[in-house]
Number of protein chains: 2
Amino acid sequence: MPMKLSQVGEFGLIERLRHRLATTQNAVVGIGDDAAVLQPTRGHVLLVTADALVEDTHFRCSWISPDDLGWKSLACNLSDIAAMGGRPTHAVVSLALPPDLQVEFVEAMYRGMRTLAKAHGVGIVGGDLVKSPEALMISITVVGEARPAHVVLRSGAKVGDAILVTGALGASSAGLALLESGKPVPRALLPAARAHVRPTPRVQEGQVLGASGRVTSMIDVSDGLAGDLAHICEESRVGARVALERVPVAPACTAVTKMIGGDAIAMALSGGEDYELLFTCAPKDVERLTRLVKRTTGTAVTEIGHIVAARLGLRLVLRDGRSRDLRGGFKQF
Amino acid sequence: MPMKLSQVGEFGLIERLRHRLATTQNAVVGIGDDAAVLQPTRGHVLLVTADALVEDTHFRCSWISPDDLGWKSLACNLSDIAAMGGRPTHAVVSLALPPDLQVEFVEAMYRGMRTLAKAHGVGIVGGDLVKSPEALMISITVVGEARPAHVVLRSGAKVGDAILVTGALGASSAGLALLESGKPVPRALLPAARAHVRPTPRVQEGQVLGASGRVTSMIDVSDGLAGDLAHICEESRVGARVALERVPVAPACTAVTKMIGGDAIAMALSGGEDYELLFTCAPKDVERLTRLVKRTTGTAVTEIGHIVAARLGLRLVLRDGRSRDLRGGFKQF
């Protein structure tokens, strides 16, 4: 019979979850003390990132299952470590839970988290469980590691560098539009919905790119291609040219816009939460890196533009050679 | 003029805070990339802890200032690292903020956090800022470090060990009762209110105790003496005897109960959030550790009982020699 959180209490819930998480601990001391004790790898730096998801701001329980919600909450953190060229090793999970939430909901969330954590050898080693008056909130911190020479920052892009992106864009944004429409999701459009609720962080790709030593800057596409490229340009003090015809639009995105309307290219340019990796490298390294990522991970990499001087701004080059401000959005065309 | 968050946006707020936090960075790469990059100290293990505070569950904005709220949110995390015998080094701060909150409120929160962080050499190196539909939520992860031999767990208490506690208990709980009463706080009772809204984590004391190599188990008093001693007993598979007459009741707690009623001893036994350190050691080390902590930090340590076999349970020994279940609460007497 479903049990509400108020029936088991904080410590009852911790005991239930602790038992289930034991297989992904991967720590000297995990859940059940004041802090987790981890053994850092010699010669590596530590990477720390945090992301919070709040009900009705980032998701609605009407369209995401607790299992997917757990997966996604961890995925966006793993993606941040990947974008540094690092290997995620541990996660701490803090949940603010409404008292009438069912214990099974929380357990399913941990199931989703654990599935993804296990796939990448990440230990869930602690956190906090507290009561929320209303909205469900998930706050996760992920710790990772990398050799210092493999860490890739946002700030290293140089004028002349090529701009590349893994996979394809827009599926997550299309999936969100689909889910928010409130209509039943046709089977053919499930990949878009799935891209939104259960995204694939490019964990292996990020490590391969970091270890290559040839990536000059990297970020994950969480705010959208335009916004995240702007972050790279700001931190690197450069500008960018993106060729519209080269931007890889996800087939799932195109399929959704054909069925429910919307602009697939706008979604690919500005839609967030694709969790692809956006990076730069010297032009001479484009082919080598593209082949390396494809061979080691199976993931396609596409060159979409190049870095220019800061004063030239961020521009999107159209098919006819004219250009527009990339961050102005695409809908206005 | 006060500005609402919705007027400056997420990135505007990050820029304002990033500037102010620059002085406490203390990292290879801090705020402004996908993850912070930290340099672990060779020969040390890593400690990671997380705590979340939610409006109307853990605090009310009617009785805590934003500056104190920031301080307290960080303090409870530093206390967890102290309870492991470690040195806190870095914090990541995730905030879920209602859109009509004023920017100045958030900046004051960071001011409080930064004041405490700076006092302990802790760098605030990242986090996340998201929108909350209603309640303000603060989720902080603190990373620390310790030499492996100095780490103190909850699980090492042995039968015959003495039980000790730093400082005095009950002030925070009394302060909460005072604040929740809604009445104006008389000047004489300000120390109790302050103990609740701006607690002192025993950061130095924890490190001194850890480095002594003579502490067999340790925890911070966040759930209350009875509850936290129960955690030590569960993890160490032992029982405990606490002598009622030895429990150090904070003068601020006694003062509050004299004025507004309530049971000072019950508050000292069961009231949470004092953030004192509760620990065990061999009887022969009691005097040495007490003197060591007093000499290096100025903080008093009191021996309040001893560890017994698990089957003997957790008992509170009264003045007449009779005993009661410690966790049964004291109010029933």
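Predicted model: local features only at pLDDT ≥ 70, side-chain atom pairs only at ≥ 80, totals over all residues.

**A helix pair in chain A and its surroundings**

The crossing of α6(A) and α10(A) is right-handed. From α6(A), the contact is built by A:Gln204, A:Glu205, A:Val208, A:Leu209 and A:Ser212, and from α10(A) by A:Leu289, A:Leu292, A:Val293, A:Thr296 and A:Thr297.

As for the geometry, helix α6 covers residues 203-212 of chain A and helix α10 covers residues 286-297 of chain A, and the two pack at an angle of about 140 degrees with their axes 10 Å apart. An angle has to be over 145 degrees to count as roughly antiparallel, and α6(A) and α10(A) are therefore described as oblique to each other.

Helix α4 (residues 171-180) of chain A packs against helix α8 (residues 251-260) of chain A at an angle of about 30 degrees, and their axes lie 8 Å apart. Because angles under 35 degrees count as roughly parallel, α4(A) and α8(A) are roughly parallel to each other. The crossing of α4(A) and α8(A) is left-handed. Here α4(A) contributes A:Ala171, A:Ala174, A:Ala177 and A:Leu178, while α8(A) contributes A:Ala252, A:Cys253, A:Val256 and A:Ile260. The residues of the contact of α4(A) with α8(A) divide into 8 nonpolar, with no polar and no charged residues among them.

Turning to the sheets, an open sheet of 5 strands runs in the order β4(A)-β3(A)-β5(A)-β2(A)-β1(B), with mixed pairing. Its edge strands are β4 (123-131) of chain A and β1 (36-38) of chain B, each of which pairs on one side only. From one strand to the next, the twist of this sheet averages 20 degrees. Within it, strand β3 (residues 87-97) of chain A and β4(A) pair in the parallel sense over 8 bridges, and A:Ala91 stands opposite A:Ile124 in β4(A). Helix α2 (residues 66-82) of chain A lies across β2, β3 and β5 of chain A, and it runs at about 35 degrees to β5(A).

Another open sheet of 5 strands, also with mixed pairing, has the order β1(A)-β2(B)-β5(B)-β3(B)-β4(B). Its edges are taken by β1 (36-38) of chain A and β4 (123-131) of chain B, each with a single partner strand, so one side of each is left without a neighbour in the sheet. Neighbouring strands of this sheet are turned by 20 degrees against each other on average, with direction ignored. Strand β2 (residues 45-54) of chain B and strand β5 (residues 137-146) of chain B pair in the antiparallel sense over 10 bridges, and the partner of B:Ala52 in β5(B) is B:Ser139. Helix α3 (residues 103-119) of chain B lies across β3, β4 and β5 of chain B, running at about 170 degrees to β3(B).

Finally, the two chains can be compared as copies. Chain B is superposed on chain A by a rotation of 180 degrees with 0.0 Å of shift along its axis, at an RMSD of 0.0 Å. The two copies are thus related as by a two-fold rotation axis. The same surface serves both copies, since 100% of the contact residues of chain B recur in chain A.

Methods
Residues numbered from 1 in each chain as written. Chains lettered and ligands numbered in written order. Heavy atoms only, no water. Axes fitted to C-alpha atoms, helices over the stretch in contact; angles between N-to-C directions. Helix = DSSP H or I, 4+ residues; strand = E, 2+ residues; numbered from the N terminus. Parallel < 35°, antiparallel > 145°, perpendicular 65-115°, else oblique. Left-handed = near helix turned anticlockwise from the far one by under 90°. Contact = heavy atoms within 4.5 Å. Pairing = 2+ DSSP bridges. Least-squares fit on C-alpha atoms with pLDDT ≥ 70 in both. Nonpolar A, V, L, I, M, F, W, Y, C, P; charged D, E, K, R; others polar.
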